[in-house]
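Subject: Structure handover and notes

Hello,

Please read them with the model open.

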Amino acid sequence: MVAEYDAAPAGEKGAILRRERLYNSHIIEWRAARDAGAMTTLTDQRTSPARPKRAAEQAELERLRKKVARLEKDLAKRDAALQVMGKASALLELLAESAD
């Protein structure tokens, strides 16, 4: 992040901070830690060997399962709405016939 911030042109640095929801003080602290050598001992907890990354196929499968579940829920709502519309239509027909 510090390298990206330092490499950005002057007008883009604020955009990077807003995008990452950071303050300039974060960059200052991280730069000081990097210069002090503290960054070499840190590990990224998201990708460290203790927590292996999911395979791309597994992530895609999970995403697709969530999408299927959402679409099935939407389909059930539409089916229920169509049933109600059909019953309302039948009721209106009955009322129209009895009015004649």
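The notes below go from the whole chain to single residues.

This is a predicted model, so local features are given only at pLDDT of at least 70 and side-chain atom pairs only at pLDDT 80 or more, while totals for chains, interfaces and linings use all residues. Residues are numbered from 1 along each chain as its sequence is written, and side-chain values use heavy atoms, with hydrogens and water left out.

Overall picture

The protein chain has four helices and zero strands. Helices (H or I, at least four residues) and strands (E, at least two) are DSSP runs, numbered from the N terminus. Read from that end, the order of elements is α-α-α-α.

Confidence is given as pLDDT, the predictor's confidence in each residue, from 0 to 100. The mean for the protein chain is 84, and 84% of its residues reach 70 or more. Among the parts of the chain, helix α1 (residues 2-7) has the lowest confidence, at a mean of 81, and α4 the highest, at 94.

The accessible surface of the protein chain is about 8800 Å², and 58% of that belongs to carbon and sulfur atoms. Areas come from the Shrake-Rupley method with a 1.4 Å probe; for residues, only the protein chains shown count as cover. Of the 100 residues in the protein chain, 8% are buried. Buried means under 20% relative accessible area, exposed over 50%, and partly exposed in between (1.4 Å probe, protein chains only).

A contact means heavy atoms within 4.5 Å. Of the contacts in the protein chain with a separation of 6 or more, 30% are between residues 24 or more positions apart.

Leu-17

Leu-17 is in helix α2. With a relative accessible area of 11%, Leu-17 is buried. Leaving out residues up to four places away in sequence, Leu-17 touches Tyr-5, Leu-22, Tyr-23, Asn-24 and Ile-27. Met-1 is 16 residues from Leu-17 in sequence, and their C-alpha atoms are 9.6 Å apart.

Arg-21 sits in the loop between α2 (13-20) and α3 (24-36). Its phi is positive, about 55°, although Arg-21 is not a glycine. Most residues other than glycine have a negative phi. Arg-21 is exposed, at 75% relative accessible area.

How far apart are the end C-alpha atoms of α3? They are 19 Å apart, which agrees with the 18 Å that its 13 residues should span at 1.5 Å a residue. The expected span is 1.5 Å times one less than the number of residues in the helix. After α3 comes Gly-37, with a positive phi near 90°.

Salt bridges

Side chains of opposite charge can pair when their charged atoms come close. A salt bridge here is a side-chain nitrogen of Lys or Arg within 4 Å of a carboxyl oxygen of Asp or Glu. By this rule there are six salt bridges.

- Arg-31 and Asp-6: the closest N and O atoms are 2.6 Å apart. Arg-31 lies in helix α3 and Asp-6 in helix α1, so the pair ties together parts that are 25 residues apart in sequence. Arg-31 is partly exposed, at 25% relative accessible area, and Asp-6 is also partly exposed, at 34%.
- Glu-20 and Arg-19: the N to O distance is 3.0 Å. Glu-20 is partly exposed at 36% relative accessibility, and Arg-19 is partly exposed at 48%. Glu-4, Arg-19 and Glu-20 are linked in a network of salt bridges.
- Arg-70 and Asp-74: the closest N and O atoms are 4.0 Å apart. Both residues lie in helix α4, four residues apart, which is about one turn of the helix. Arg-70 is partly exposed at 45% relative accessibility, and Asp-74 is partly exposed at 24%.

Surface patch

Which residues form a nonpolar patch on the surface? Leu-91, Leu-92 and Leu-95 do, with about 310 Å² of accessible area together. Patches are made of residues with over 30% relative accessible area and no salt bridge; like charges are joined within 9 Å, and nonpolar side chains (Val, Leu, Ile, Met, Phe, Trp, Tyr) within 5 Å. Leu-91 is in helix α4 (residues 56-99) and is partly exposed, at 49% relative accessibility.

Regards
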